[in-house]
Amino acid sequence: MIAISCKDIQKIYGIDEILAGINFTINTGDKIGLIGVNGAGKTTLIKILTGIESKDAGDIFIGKDLTIGYLEQNTRIDSEISAFDYCASVFESVFELEHKMRALEQDMQHMPPNQQHPILDTYAALQTKFEQLDGYTVSSKIRGVLNGLGFTEKEHQKPINQLSGGQKSRVGIARLLLTKPDILFLDEPTNHLDIEAIKWLETYLKEYEGTIVMISHDRYFLDQIVTRILEVENKSIQEYTGNYSAYLTQKKARIESELKQYEQQQKEIQKQEEIIRRFKGHGTEKLTKRAKSREKRLAQMSLVERPTFFKNHFKLHLKSFAKSGKDVLQVENLYKSYGSHTVLKDLSFEIYNGERIGLVGPNGVGKTTLFKILIQEIDANSGKIHWGHHVHPGYYDQELGNLQLNKTVIEEIHDENPTLTLTEVRSLLGAFLFEGDDIEKQIRQLSGGERSRVSLLKLMLSDFNTLFLDEPTNHLDIYAKESLEDALLSYDGTLVAISHDRFFLNKICTKIFELTENGLAVYWGNYDYFQLKKEEATAFETAPISDSNTNKTRLKEKQRKEKEAQQALKKQKQTLKALETSIETHEEKVHQLELDLCDESIYSDPDKSAEVQRDIKRLKDELVELYSQLDEYLEIL
């Protein structure tokens with residue numbers, strides 16, 4: 001059954017045509033991902049489909065009696081009622097039935113049994129209807145959705161106007177999901193959600209029986225849910241079957257086919273132009289007529305446009321200007337609190353040169369606080385932070401606080417890089433998609449994605465060799481994320497990134513730090529590996545137990561493995577310390593022997609001098625071997 005059908009939809013703002021010839025059909029139960037670069041017209045298209053904006057041409061069909069729900073990208077609710085009561089308003093008719101039932105119960109308490117029959121009939125009818133509407137489960141449904149989206153039980157009763165902007169958006173999502181419309185339009189639903197809330201929403205939407213059309217830049221989220229991709233490109237729609245990963249494969253094949261057609265046509269054009277040139281060169285009337293005939297056919301040829309895989313993507317090349325030492329950062333027993341509220345407690349970890357680490361954890365657990373302590377923006381209450389040799393840390397702030405709002409785009413870049421000419425700065429900004437008058441705009445006039453690109457360009461021009469990135473993919477469309485990821489994969493420095501973007505974590509990271517209220521856990525792998533290990537641990541803890549002996553055996557096995565892991569870690573640390581001590585001792589001996597060579601009693605005696613030089617050579621050879629062992633050990637570690 002067709003849920004939505006569009007034919008030749010057009011939308012014009014002033015002289016700018018945003019959408020032209022939009023054609024597609026969506027069937028009942030389809031789960032559609034609507035993608036495209038920022039400004040392509042995705043939100044405009046959804047607003048046209050929901051009736052918020054008008055179309056300038058074309059026809060739209062929406063199935064009869066189908067209800068529509070729409071979640072805007074930045075939903076902001078301002079109300080004095082609680083989050084729970086706001087969601088409960090969806091079930092106003094159910095609560096009204098319950099109120100009538102309670103009133104009848106009160107009336108019957110004051111009546112003799114022989115007079116209750118008429119009221120009992122009314123009560124029974126109300127109760128039947130109440131049960132048909134699942135009235136007894138409404139409160140638990142509301143709590144389940146709010147909990148799934150990251151609210152605590154205490155926050156259920158908190159007035160909405162006392163919630164943060166992100167929490168207000170989540171209340172909007174909760175209420176919309178509880179209405180269960182036949183067609184659900186979602187614009188960036190994962191904004192303001194942490195990973196656990198996103199996973200809950202994934203499960204909910206997978207099981208959703210209605211039709212879903214969502215705009216999202218969260219590629220992992222799209223992979224889990226959608227069955228078709230509609231890409232808004234060049235004012236029209238391209239359709240692809242499957243999830244986001246399938247879209248990438250299909251689009252690559254389509255682009256390669258179109259490129260082949262383009263190249264074949266260009267060869268044919270060159271061939272025809274050469275024939276025309278030769279015909280004209282002979283100067284005969286007959287050949288001149290042939291040349292004009294071929295020119296006419298060439299002019300009428302429908303030209304194939306040269307395709308590009310991703311249009312409007314910026315070019316980012318990150319490179320550390322100076323190598324750091326092997327040991328980048330060591331943190332011991334870090335503690336941070338605000339009054340009586342403890343944010344970080346007994347936090348210890350190490351970071352080594354070249355690692356790409358993803359820092360994950362629920363909102364509010366202290367990830368950004370940890371970053372700000374490390375870059376000395378705020379102070380810890382206690383603990384030790386030791387930076388390695390030649391480490392130059394840089395920070396990408398998700399709030400983009402490093403930008404001067406009153407400066408123009410070109411001033412923001414040139415003022416911090418005065419050795420660059422204005423022509424060079426313009427060229428760099430052009431590579432980051434700032435063209436024409438865009439470079440004269442003030443930072444405050446830019447969109448979130450545009451500000452992100454300016455901040456990333458500043459990062460590219462810096463001399464940092466250790467990057468701390470706080471939600472670097474926020475505000476970026478899919479294509480900009482791809483550009484950033486390609487740059488980070490080739491980056492030769494050290495990287496630590498806070499992110500809720502699981503596709504990004506999977507593609508970039510080689511290690512995951514999970515920060516929780518209980519501390520920090522380390523996982524050697526990407527996000528999928530981290531998730532696998534978490535699921536294995538959960539399965540072990542929740543596995544059914546047949547008898548007490550099985551329980552004891554399983555507990556002993558778990559304790560044995562934990563003890564072995566602790567012993568292995570202790571042994572690894574001891575080995576590392578022994579290697580470092582041996583290297584330090586060897587280097588001190590070499591230094592002392594080199595000083596001895598300056599002693600007249602030694603350098604004037606050929607035998608003694610030769611013996612010292614042999615000792616120096618032997619120690620340096622041993623040092624090479626020790627450093628080799630250390631490198632191999634750190635690779636394994």
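Let's start with Lys 481, which is buried at a relative accessible area of 6% (buried means under 20%, exposed over 50% and partly exposed in between, with a 1.4 Å probe and protein chains only). This is a predicted model, where local features need pLDDT of at least 70 and side-chain atom pairs count only at pLDDT 80 or more, while totals for chains, interfaces and linings use all residues. Residues are numbered from 1 along each chain as its sequence is written, and side-chain values use heavy atoms, leaving out hydrogens and water.

Who does Lys 481 pair up with? Its salt-bridge partner is Asp 501, with the closest N and O atoms 3.6 Å apart (a salt bridge is a side-chain nitrogen of Lys or Arg within 4 Å of a carboxyl oxygen of Asp or Glu). Lys 481 sits in helix α16 (residues 478-489) and Asp 501 in the loop between β16 (494-498) and α17 (502-508), so the pair ties together parts 20 residues apart in sequence. (Helices, H or I with at least four residues, and strands, E with at least two, are DSSP runs numbered from the N terminus.) Asp 501 is buried too, at 5% relative accessibility. Salt bridges with shared partners link Lys 481 and Asp 501 into one network with Arg 219, Glu 482, Glu 485, Asp 486 and Lys 507.

The structure has 35 salt bridges. Another of them joins Glu 258 and Arg 254, at 2.6 Å from N to O. These two are 4 residues apart in helix α10 (residues 244-282), so about one helical turn separates them. Glu 258 is partly exposed at 26%, whereas Arg 254 is buried at 19%.

Now hop over to Lys 336, in strand β10 (residues 327-338). Lys 336 is buried but has no salt bridge: the nearest side chain of opposite charge, Asp 379, is 7.0 Å away (Lys and Arg count as positive, Asp and Glu as negative, and His and the chain ends are not counted). Still, a polar atom of the Lys 336 side chain lies 2.8 Å from the backbone oxygen of Asp 379.

Leu 71 belongs to strand β5 (residues 68-71) and is buried at 4%.

Finally, zoom out. The protein has 21 helices and 18 strands, and 42% of its 637 residues count as buried. Its C-alpha atoms fill a box of roughly 125 × 105 × 55 Å along the principal axes.

Note on methods. Polar contact = N/O pair within 3.5 Å; in protein donor to acceptor, adjacent residues only side chain to side chain.
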